[in-house]
Amino acid sequence: MNILMVASECVPFVKVGGLADVVGTLPKYLKELGHNVKIILPKYKSIDGKKYNLQTLPFRLNVQVGKSTQSFRIKYCKTKDKIEVYFIENMHFFNRIGVYGNAGLDYSDNKERYIFFCRAVLESVKALMFRPDIIHCNDWQTGLIPAYLKTNLKNDGFFWSTSCVFTIHNIAYQGQFSASTIEEAGFSWEDFTPDKLEYYNSVNFMKCGIAMADAVSTVSPTYAKEIKEFNGRGMEGVLNSRHDEIYGILNGIDYDYWNPLTDKYIAANYDKNKLNNKKLCKKDLQKKCGFKVSDNMHLFGCVSRLDNQKGFDIIIDALYSLKDCDMQFVILGSGDNEIRDKLKKAALNMPKKVAVFFDYDEKLAHKIYAGCDSYMMPSRFEPCGLSQMIALAYGTIPIVNRTGGLADTIEYYNHFTKEGNGFVFNITYGENFVQTVLKSDKIFKNKQNWNTLMLNALNSNFSWDKSIFKYEKMYNNLVVNKLKETIFSRS
Ligand code: ADP
């Protein structure tokens, strides 16, 4: 199959959150199954042309955004897995410091930026003469692509065999704009109807993606259920109208990259046979944080976007409630300024117990995953969550709220049966994070039990091996349906 992966982030080129990890990893596994996969992204300023040896194709293309004609070039390179990656280069929209915004504020022209990107992607595949069987779109920034395919381009012969998948990585970000977007994006008012592009008299890119794609997926089975039932942020109706075409497919992580045995960022390499080396990583992290170096201190970590979704209010309360315990906390994050200020205050009040780093720092992230005993993830909702899976890969024990992908990956450790890989509480049932932390601390103090738990974590497997076949099956169904549609429409 020819598969085009379209997204606004992808590792190693540009990353804000888990979306980038997924888009950077999934194609590698599809290629191993024999598919011809290409990736297309915006060429942000932060993507270093020299580092990735980007080549520029010898032509310019134009698309219309509102009244302005925007011209762009296509750059490309190959990843180390020999996957072709194309970059849409337009100075006006993408040559800026941030990805979606700067200094905690979204760019005011994100609507125009992603209208442009969606149109440019569709022009680019034609120019590249790459006829995709599947265009796989990810999150609201790509939501207009299925809409163009089903409206303006529905009779375009180039796309006769193309089906479109739309994956929801986080339904909380929707890209909702005024009704006049219809004209700016070049749609016809005839398509401004509730079953197509209209959403309460506005244009919502996420809704367009859900309503117009041939299949919709999201990143864990529990989140698929939650967004249809109660956590769809206004999308419940359109999701339920497509009930049977919504797939919940759990993300995986790249164990070649997240591997404590080969990780070049951490103080000492380890695996389940050399678990003692994890203590050296803990020592290194404690020094970095300015904490007392002691293996008996229970060290908790968190690497995250600073966003209310991630339950930072719960974490901040816990820092104060647990201040007299033999515990230390290290948090790495960037994002919301209010959360940043509260964390900063906690670190100033308790410098021996709380360390905070406000940066996007890949190296420190690895040190935290490796050096901590436990990983805090009390997210109020979590579509899939990769951080808890990464923590497990480093033998670091997740403490999570039972929601979305966290419910699908973390099982409460039972010290009688020795089963389970973490600690789970349930906000909805009024269960308490601090109590769960204290319970985990009891297990931590029993070194034999904790060792068993670390081994369970290290033995947890969330590779792409299973999920990849689910994606392939979904794609196959669409290709077969498209073929049937074409045959019937001709007979
Ligand atoms: P989300 O996609 O909601 O941000 P995930 O848990 O799915 O959350 O993925 C987050 C990814 O981003 C993980 O790989 C995590 O390590 C990484 N990450 C988040 N914030 C930072 C940061 N400040 N520095 C380095 N890595 C980060």
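Student: At about what angle does helix H16 run to S19?
Tutor: In this predicted model, helix H16 (residues 447-459) lies across S15, S18, strand S19 (397-401) and S20. Helices (H or I, at least four residues) and strands (E, at least two) are DSSP runs, numbered from the N terminus, and contact means heavy atoms within 4.5 Å. Axes are lines fitted to C-alpha atoms, for helices over the stretch in contact, with angles from 0 to 180 degrees between N-to-C directions. For H16 against S19, the angle is about 80°.

Student: Thanks! Before we go on, how are residues numbered, and what are the ground rules for the model?
Tutor: Residues count from 1 along each chain as its sequence is written, and side-chain values use heavy atoms, leaving out hydrogens and water. Local features need pLDDT of at least 70 and side-chain atom pairs count only at pLDDT 80 or more, while totals for chains, interfaces and linings use all residues.

Student: Which strands are the edge strands of the open six-stranded sheet?
Tutor: The order is S17-S16-S15-S18-S19-S20, with parallel pairing; two strands pair if DSSP finds at least two bridges between them. From one strand to the next, the twist averages 20°. Pairing on one side only marks the edge strands, S17 (354-357) and S20 (423-425).

Student: What is the bridge partner of Phe300 in S18?
Tutor: Strand S15 (residues 298-306) pairs with S18 in the parallel sense, over two bridges. In S18, the partner of Phe300 is Ser374.

Student: Is Lys282 buried or exposed?
Tutor: Lys282, in helix H9, forms a salt bridge with Asp373 at 2.7 Å, N to O. Buried means under 20% relative accessible area, exposed over 50%, partly exposed in between (1.4 Å probe, protein chains only). Asp373 has 8%; at 2% relative accessibility, Lys282 counts as buried.

Student: How many salt bridges does the structure hold?
Tutor: One of them joins the side chains of Glu245 and Arg242 at 3.2 Å, N to O. The number in the structure is 22.

Definitions and conventions: Salt bridge = Lys/Arg side-chain N within 4 Å of Asp/Glu carboxyl O.
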